[in-house]
Amino acid sequence: MKLKQIIPTLFSVLFLFLVSCEKEIEFKGDEIKPILVVNGLVVSGDTVTVKLLKSRSKLEDSFANVVVADAKVDLYVDGEFAETLKPVKEMVYGSEIPVMIGKYKSSVIGEAGKSYRLEIVADGFSPVSCETTVPEAIEISAWDTTTALNTNGYGYSGRTEFSIEFDDNGQQHNFYRLQSKSIEGQELLRYMPDGTIIHSDTILIRQQFEWVEILNPQLNEAINEADELITGTPSNQYAIFNDDSFNGKKMKLRFGLGYSSYSYGYSNYDNNASFKIRDICLYSLSEEYYEYLNTANLHFWLDDDFFSEPVQVFSNIKGGVGIWASASCSSFSLQEGDYPMDDKVYIEADYGYGYGY
């Protein structure tokens, strides 16, 4: 028997031995005082917002988040007081009127090169502060697409693959993230028994974030440092990378879109009123946002693996936990199919976005 076959067998035997020797131990530690959880991302060109929650113990029966809606949130830009953020109400699932969700919004627009600091005070919590500097966007100089087809299954399937080029700034350590946000319209067709297709004037629209798979081997090797025997190597679910392997050089980045190697149901937008519009964004990330996404990815992947060291998610909140980070975007759009069309009615689907990290 080969070594690769022996090791999993030994681990299986050890696992059965461990689960057969359970003993319930009553927790007698001191109760941990709740702290503020701060989550916010300053994006160049967008208004500054932040969300505040109350931390909860692992011992609590409820998994519901408790929002903090009565805090005083002061915003400082480049060290100067700008304004106090206002709490906002929004519609949530199950509510008939807008409710407080712990979200605070300012009238300030994020700008590359500027620093944004929050000073937060709320009853029952220690004072909290956090700061981030918005990085400069790295412009996309060129982009191209190809269609990768898979003919090994039943019928054709495929996905769109991209390449983009940009010049990395060699004067600093840079951190990146790729994201694809799409709007897709699907014509409501009727198929008759004789094979006839009856077209409709109704187009169902949905918005989603698509899974991004980076195809440059050196970038995936740099990201996926762990080589776990039991759980395997963590995936790069946030499509992040840094410039360690190309600092100061022109980079040609290749990536594919879709939840699998090939997305089944490969669409042809030429024969009906269906369409798809993709906005591809190359984000320049602040270092703290990169560290947060990287450690969060490892934490989620290894959380249930008792053979691995626990991974603590990065936080830059003084007096609390969470993340206050920033990013700038360079983007381009790609449209397949015609949109809008004067003789069509467009209806938004009940289901909204896909993943939204």
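**Exercise 1.** Find the residue in β17 that is the bridge partner of tyrosine 176.

*Solution.* In β17 the bridge partner of tyrosine 176 is phenylalanine 241. This is a predicted model, in which local features need pLDDT of at least 70, side-chain atom pairs count only at pLDDT 80 or more, and totals for chains, interfaces and linings use all residues. Residues are numbered from 1 along each chain as its sequence is written, and side-chain values use heavy atoms, with hydrogens and water left out. Strands are DSSP runs of E with at least two residues, numbered from the N terminus, and two of them pair if DSSP finds at least two bridges between them. Between β12 and β17 (residues 240–242) there are 3 bridges, and the two strands run antiparallel.

**Exercise 2.** Determine how many bridges join β12 to β19 and to β15.

*Solution.* Begin with β19 (residues 275–285), which pairs with β12 in the antiparallel sense over 11 bridges; here isoleucine 183 has isoleucine 277 as its bridge partner. Continue with β15 (residues 202–210), which is joined to β12 by 8 bridges and also runs antiparallel to it, with glutamate 184 standing opposite arginine 206.

**Exercise 3.** Decide why β12 is described as largely enclosed by the rest of the structure.

*Solution.* Take buried to mean under 20% relative accessible area, with a 1.4 Å probe and protein chains only. Of the 13 residues of β12 (residues 175–187), 10 are buried, so this strand is largely enclosed by the rest of the structure. For the chain as a whole, 37% of the 357 residues count as buried.

Key: Buried < 20%, exposed > 50% of the residue type's maximum accessible area, 1.4 Å probe, protein only. Helix = DSSP H or I, 4+ residues; strand = E, 2+ residues; numbered from the N terminus.
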